[in-house]
Each structure stands twice: as C-alpha cells, then as structure tokens.
Amino acid sequence: MPAVTDCLKSASIAFVTMEIALEPGMRCYSGGLGVLAGDYALAAADIGLPMVFVTLASREGYVRQGIDAQGHQIDVPDPWDLEKWAKPLDPVVRIVLEGRQVAVRAWVHELQGEGGARIPTLLLDTDLPENSAEDRKLTGRLYGGDERYRLLQEAVLGMATSHILKALGCTIATFHLNEGHAALLPVELVRKGASVDEARDRCVFTTHTPVAAGRDRFPLSLAERVLGPQTRGLLERLVPGEPELDMTLLALGMSRYSNAVSCRHAETAQEMYPGVTIHAVTNGVHLGRWTAPAMADVFDRDAPGWRTDPDCLRRIAGIEPEEVAKAHGKARTHLIGEVERLSGIALDPDAPILCYARRMTGYKRPALLFHDLERLLEIAERQPFSVLVAGKAHPKDDTGHAEIARIHQAARDSRGRLSVVFLPGYGLELAAKLVAGTDVWLNVPIPPLEASGTSGMKAAVNGVLNLSTRDGWWLEGYREGRNGWAIGQEGGDPDEHGPLLLEMLEKQVLPEWYEHRDRWHCMMRDAVATVGPRFSAIRPMHEYAAEAYRLPAG
Ligand SMILES: *Cc1c(COP(=O)(O)O)cnc(C)c1O
C-alpha cells in the first residue's frame with residue numbers, strides 16, 4: 001500500500017480520539033464526539049493538512065439500540081467488520097498494563113479529500129494471538145465494561161499511539177488529545193525520556209463538555225494497579241494535590257494549548273479550570289457529508305467552490321428562497337417515505353415536522369416537549385405538526401433510559417391526535433436523513449451544559465430551522481428573526497423553558513408555517529447562508545492549524 005505509507009509518513013499532527021465516525025459500517029463511534037472527529041478528518045483532507053487520526057478499533061462497536069414492547073431501550077453489542085474497512089499494518093508494539101505485556105497493532109483506513117489529499121486513520125487493536133483472551137478484548141466494546149476496563153482502554157490509546165506512529169516512521173510534532181480519554185499520551189512521552197516541558201510542548205487538548213459524567217476520573221489505587229507504582233508517582237507529580245487521576249486536569253496540565261468548543265463553553269471551562277488559558281474553537285460540520293444531494297446541487301450551481309471554501313455559501317443569501325425550499329422538499333419527501341418504511345406511520349406531508357434527535361441524557365431534556373402533553377395536543381389540534389424522535393442512551397445512563405420510556409409513553413398517549421414517532425438506532429445514516437428532511441430542529445439543553453452541539457448546524461445547511469435554548473453554538477449562530485428561534489433569555493430560569501417552548505410553537509413557529517410560508521422560505525434560505533459559511537468544519541480546522549498546531553498558513 002504505497003499511498004497509505006506516503007500519507008502516513010508526511011503526517012506531523014496526530015489527532016488522538018477514543019471514537020471516530022467515518023462510515024456507517026465502521027461502528028467505532030457512539031455519538032457527537034466521534035462524528036465530529038470524522039468531520040474533522042474529512043475537512044483536514046479537503047484542505048490538505050498533514051494529519052493522521054488515531055482511535056481504538058472497537059470491534060464490538062458501541063450499542064445497537066433495540067426498543068422493547070414497553071418502550072425501553074435494550075442494549076445490544078454492535079460488532080462490525082474491521083477487515084472490510086481497514087488494512088492491517090505490520091508493526092506490533094508492546095505496552096505494560098497490570099504488570100503484563102500487551103501487544104497492540106494498528107489497522108489503517110484512508111479517506112480522500114476534495115483536492116485528492118489523503119488522511120489515514122489508525123485503529124488500534126489488541127486482538128492478537130499473543131495476548132490473553134481478556135486482553136484481546138481490550139479494544140472491543142467502546143465505552144463498555146467497568147472502570148478498570150475503561151482505564152485499560154484509555155491506557156492503550158494513550159500509551160500505544162506514540163509507539164505505533166514511531167514504528168511506522170512518522171515524525172509527529174503535535175498530538176491533539178481529543179477529550180481527556182487520551183491524556184496518558186504525554187505521560188508516556190515523559191516515561192520514555194522526554195522532560196515534562198518537552199512533552200507538554202508536543203500536546204494540545206480539546207475539552208468537549210462541562211458535564212461531570214463526561215469527565216473521566218479514576219482512583220489513584222486503580223491507576224497504580226493498571227499503570228504501575230512508578231507511573232502513579234509520576235501522575236502525582238504532574239497533577240499535584242489531586243486525590244484522583246482526573247483525565248481532564250491531566251490533559252490540561254500537559255498541553256501547550258487547550259480549547260473548548262464554543263465561545264460560551266470557553267467561558268464556562270475557564271471558570272472550571274482557572275489555572276490555564278482556555279481558548280475557544282467553535283465546532284463545525286463537514287458540509288459535503290451533511291448536505292442532501294438536491295441541496296448540494298443548488299450550492300454547486302449558485303455557490304461554486306463551497307466544498308473547500310465555505311464562505312462561498314454567503315451567495316445563497318441572494319438566490320430565490322424557493323430554490324432552497326424546492327431542494328429541501330426532495331429530502332423531505334424522501335424522509336417521509338423512510339419514516340413510513342421504518343415505522344409504518346405515514347406523516348402528514350402538509351404539516352411541519354419537528355425533530356428531536358440526539359443522545360438521550362438528562363441535561364439535554366429529551367422529553368421537554370411533552371412536559372404538558374394535554375396542552376401540546378391542543379396546539380396540534382388547531383395547527384397540526386408531527387414529531388420525530390431519535391437517540392440512544394448510554395447503557396449506564398438511567399436518566400437517559402427513563403427519558404426514552406417517557407417519550408414512548410407520550411407517543412402512546414398522543415395517538416390519534418399527534419404523530420410522535422421514535423426511530424430507533426440513531427447513527428450516521430439516520431442522522432443524515434433527519435437533518436435533511438425535517439422542518440424544525442429542536443434543541444433544549446439546560447444552559448450552559450451543551451458545550452457546542454453540532455446537529456443543528458447540519459440541519460441549518462439543509463434549510464431546517466433551529467428552535468433552541470440559548471446555549472453552545474446557537475449563541476453564535478442565531479440571527480434573530482432570520483434563521484430560527486431562541487427559547488428563553490440568557491441567564492433565564494431553565495424551568496421556564498418548557499412552557500416557553502409550547503408558547504413559541506403555538507404563537508411563532510406554527511403560524512409562520514401556516515400563514516407566512518413565504519417568510520418561512522426566506523428563513524430557510526438565510527439559515528443556509530448564515531450558518532453554512534461559519535459552521536463548516538473547514539473553519540475550525542484552519543483555526544486549529546494556525547493557533548494550536550502552529551502550521552504555517554497555506
Ligand atoms: C451530529 C451528530 C451528533 C451530535 O449532535 P448534537 O447536536 O451534539 O447532539 C450525534 N450523533 C450523530 C449520529 C450525529 O450525526
């Protein structure tokens with residue numbers, strides 16, 4: 001594979017991530033973090049950055065979502081065919097975990113950008129005959145198992161990455177630690193002889209959430225058992241005074257540059273971690289991947305060059321709104337067909353389709369729309385609409401599981417008066433259909449807990465209007481009265497969001513659809529023209545290149 005070796009050898013930046021979503025069939029991802037990493041790999045290829053992405057093979061996948069008769073999620077493993085998507089590379093490196101040697105090899109998958117540049121992704125795999133049966137499964141189930149299993153996985157990611165890259169002949173100037181999962185990487189650099197300052201000068205770090213459940217912490221006694229007493233001592237020196245191994249603090253302390261994923265999130269993170277400077281690099285999405293074919297045709301015609309220069313999409317502001325509406329209509333018709341095929345339910349094509357699709361977890365408030373079901377049903381009687389819901393709960397997130405059951409209950413209680421359809425198995429494929437074909441994208445996290453959010457960006461570039469609380473990217477993307485709606489005031493009481501949501505639906509969103517469709521079409525067009533240029537994944541990749549990676553502008 002000469003091409004693989006070439007693009008690997010020229011890589012000077014390694015993006016190290018627990019998960020990445022490159023293809024629907026490669027199920028080494030769970031949700032937003034992995035989808036973002038995949039979008040960044042695609043964007044890096046489009047603008048020709050010298051990068052390699054590194055992740056775990058996760059042969060058992062994350063969770064395949066089943067729903068039982070009572071509307072509860074059943075968690076099933078979701079194995080995938082690594083051999084079909086990646087090629088094995090020769091080098092095998094060995095790391096020491098719990099006092100024994102564990103062999104790790106890498107598989108490589110390659111993608112190609114708009115200009116032909118290639119980006120390799122290495123998938124680390126411990127499923128080798130020389131490892132014990134238990135160790136062969138270390139890179140098996142993404143975010144599965146107990147605390148010990150998680151630390152072992154993060155040790156494989158953090159400790160094997162630099163050795164594998166070296167064995168492959170790569171000279172890496174900068175390791176990008178994507179979330180705290182990769183924080184053992186700089187520790188391994190120090191263990192192999194780098195000074196603390198040298199190791200820090202080779203790492204940059206992105207924190208993705210202010211939510212405690214997203215922050216990995218391990219007891220130091222477990223760290224000692226897994227990594228050895230010497231490494232425990234080193235960890236205590238690197239992050240003094242901490243009673244636990246806190247992967248976020250470790251990564252912050254061992255990186256020359258750290259950032260959060262929106263302006264608002266940077267403020268929140270700066271308060272949480274006052275000792276370090278937290279920069280803001282607002283997330284973006286890969287427009288080519290998320291734009292429906294009919295919409296991409298409009299862009300190709302009216303905003304040529306948009307795939308590598310998203311600024312071109314500003315020109316969409318000058319086209320006829322009906323062009324955008326027509327293209328969106330094709331994706332919408334397709335979605336309605338898919339919903340019927342998947343659920344047997346035929347949505348009313350004349351009524352607007354609201355969609356809530358994201359990870360099912362407490363702070364995102366998946367069931368907020370149904371908080372006063374009778375009132376919601378009354379609104380739907382006078383101004384009909386449909387609701388699509390999708391999203392998985394983490395196997396250990398009880399609140400998330402309860403929300404899924406609540407939504408199914410609301411769907412049953414609404415029958416005959418409002419169509420509420422839960423589509424199981426939220427992933428790349430379902431997300432693409434939903435962001436392209438719905439009419440209103442609902443996002444109701446409790447501020448400031450949604451660090452950025454990205455699905456609303458995907459929706460907006462398809463002409464879908466966001467209806468969102470004031471949090472994350474929407475604080476930067478919202479143009480009042482032009483491209484969607486914002487629920488509540490900044491600093492307002494989150495308990496008021498439920499009633500406010502219903503009021504906005506009744507008095508603003510639905511009347512706009514039923515009485516001012518021409519204005520709705522203008523908003524669709526303006527959503528594309530305002531969100532597309534700024535929230536393409538190419539913009540953050542340029543920012544990372546210049547500010548975090550210190551690459552010369554090119
Ligand atoms: C974009 C995306 C996400 C992240 O969306 P949020 O807005 O951050 O909730 C999660 N899962 C899939 C499959 C996606 O495509």
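Predicted model: local features only at pLDDT ≥ 70, side-chain atom pairs only at ≥ 80, totals over all residues.

Sorted by class, the residues in the contact of α14 with α21 are 6 nonpolar, 2 polar and 2 charged.

Helix α14 spans residues 321–343 and helix α21 spans residues 517–534, and the two pack at an angle of about 85°, with their axes 8 Å apart. Because angles of 65 to 115 degrees count as roughly perpendicular, α14 is described as roughly perpendicular to α21.

## The surroundings of the ligand

The ligand is surrounded by 14 residues, of which Trp290, Arg358, Thr454, Ser455 and Lys458 are the closest. When the residues of this shell are divided by class, 5 are nonpolar, 6 are polar and 3 are charged.

## Polar contacts and cover

A polar side-chain atom of Lys458 lies 2.6 Å from a ligand oxygen atom, and a polar side-chain atom of Arg358 lies 3.2 Å from an oxygen atom of the ligand. Thr454 contributes through its backbone, with an N or O atom 3.1 Å from an oxygen atom of the ligand.

On its own the ligand has 390 Å² of accessible area, and the protein covers 94% of that area. The elements that supply two or more residues to the shell around the ligand are α2 (32–46), α17 (428–437) and α18 (455–460).

Key: Residues numbered from 1 in each chain as written. Heavy atoms only, no water. Axes fitted to C-alpha atoms, helices over the stretch in contact; angles between N-to-C directions. Helix = DSSP H or I, 4+ residues; strand = E, 2+ residues; numbered from the N terminus. Parallel < 35°, antiparallel > 145°, perpendicular 65-115°, else oblique. Nonpolar A, V, L, I, M, F, W, Y, C, P; charged D, E, K, R; others polar. Near = heavy atom within 4 Å. Polar contact = N/O pair within 3.5 Å; in protein donor to acceptor, adjacent residues only side chain to side chain. Areas by Shrake-Rupley, 256 points an atom, 1.4 Å probe, with all protein chains shown as cover.
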